Amino acid sequence: MSAQPGHDSDHLRFHRQHEHLSKTFGADTFGLKAEAFARFFGTPLFLGAQTVIVALWIGANVWGFTHFDRYPFILLNLAFSLQAAYAAPLILLAQTRQAERDKAHNDADARHREALAQQAARHTAQMMELLRQNTELTETTKQLVERIDKLTAEVHGHLLPTPQDSQ
C-alpha cells in the first residue's frame, strides 16, 4: 500500500504497544536464564540426558560400582522432587506469560483487521461514488451525442439538397 495522506502504512502499529511482553520472564539476567531453563524442559536433549543420567545412577548403585543411593533410590526421588519443585512453577509461569502475549497479539490482530475493514469500507464508498459519477457522465455523454446527431441532421437538411429538390 502506498503512503497516502491520512493513511497509516505501519502494519505493526497495533503490535508495538505490546512489545514489553516479548520476553516471558522479563529482560533481566535472571529472567533470561529462567526462560532458557524453562524452554529447555521437554526438549529431546533434556529428556535424553535425564534418561542417561537416571540409567547410570540406577546401574551404578544396583551393580555395586557405588553405594551412595541404594534401592529404593531415595536420593534419586529427592532429586526428581527438587527438579519438579523448580520446573513446575517456571513452566506454569512461562505458559501464563505466553497466554498473555497471545491474548495481546490476538487483540492487536483484531484491531488491525477492524482497521482494514474500515479502510475497505471507505474504499468501497469511494468506488461507489466514482461509479455513480461515471454513470452520470455516461448519461450526459449520451444526451450530448443525441443532440449532436440531431443538430448534424438539421444542418445537413439546410445545407445539402435533398433528392426531391433536385427534380
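I take buried to mean under 20% relative accessible area. By that cut-off, 17% of the 167 residues of the protein chain count as buried. The model I am reading is a predicted one.

**Entry 1. Overall layout**

I looked up the secondary structure to begin with. The protein chain has 3 helices and 0 strands, and along the sequence the pattern reads α-α-α. I noted the ranges: helix 1 covers residues 29–40, helix 2 covers residues 44–62, and helix 3 covers 74–159.

I then checked contacts. Among those in the protein chain with a separation of 6 or more, 56% are between residues 24 or more positions apart.

**Entry 2. Confidence**

I looked up the pLDDT values before going into detail. The mean for the protein chain is 83, and 79% of the residues reach 70 or more. Where is confidence lowest, and where is it highest? It is lowest in helix 1, at a mean of 76, and highest in helix 2, at 93. Over residues 1–6 the pLDDT is below 50, and this stretch has 5 contacts in the model beyond near neighbours in sequence.

**Entry 3. Asn-61**

I picked a residue in helix 2, namely Asn-61. Is Asn-61 buried or exposed? Its relative accessibility is 6%, so Asn-61 counts as buried, the cut-off being under 20%. A polar atom of the Asn-61 side chain lies 2.8 Å from the backbone oxygen of Trp-57. I also listed what Asn-61 touches, leaving out residues up to four places away in sequence: Thr-66, His-67, Phe-68, Asp-69, Arg-70 and Phe-73.

**Entry 4. Trp-63 and a nonpolar patch**

I moved on to Trp-63, in the loop between helix 2 and helix 3. Trp-63 has a relative accessible area of 68%, so it is exposed. Which residues form a nonpolar patch on the surface with Trp-63? They are Ile-58, Val-62 and Phe-65, and with Trp-63 the patch has about 500 Å² of accessible area together.

**Entry 5. Salt bridges**

I looked up how many salt bridges the model holds, and the count comes to 3.

One of them joins Asp-107 and Lys-103, with the closest N and O atoms 3.2 Å apart. Both residues lie in helix 3, 4 residues apart, which is about one turn of the helix. Asp-107 is partly exposed at 32% relative accessibility, whereas Lys-103 is exposed at 53%.

Another salt bridge is between the side chains of Arg-132 and Glu-129, at 2.3 Å from N to O. These two also sit in helix 3, 3 residues apart, again about one turn of the helix. I noted Arg-132 as partly exposed, at 38% relative accessibility, and Glu-129 as partly exposed, with a relative accessible area of 32%.

Arg-132 also forms a salt bridge with Glu-136, where the closest N and O atoms are 2.2 Å apart. Arg-132 and Glu-136 are 4 residues apart in helix 3, so about one helical turn separates them. Glu-136 counts as partly exposed, at 43% relative accessibility. Through shared partners, the salt bridges join Glu-129, Arg-132 and Glu-136 into one network.

Note on methods: Residues are numbered from 1 along each chain as its sequence is written. This is a predicted model: local features need pLDDT of at least 70, side-chain atom pairs count only at pLDDT 80 or more; totals for chains, interfaces and linings use all residues. Side-chain values use heavy atoms; hydrogens and water are left out. Buried means under 20% relative accessible area, exposed over 50%, partly exposed in between (1.4 Å probe, protein chains only). A polar contact is a pair of N or O atoms within 3.5 Å; within protein, one must be able to donate a hydrogen and the other to accept it, and residues adjacent in sequence count only if both atoms are side-chain atoms. Contact means heavy atoms within 4.5 Å. Patches are made of residues with over 30% relative accessible area and no salt bridge: like charges are joined within 9 Å, nonpolar side chains (Val, Leu, Ile, Met, Phe, Trp, Tyr) within 5 Å. Accessible areas come from the Shrake-Rupley method with a 1.4 Å probe; for residues, only the protein chains shown count as cover. A salt bridge is a side-chain nitrogen of Lys or Arg within 4 Å of a carboxyl oxygen of Asp or Glu. pLDDT is the predictor's confidence in each residue, from 0 to 100.
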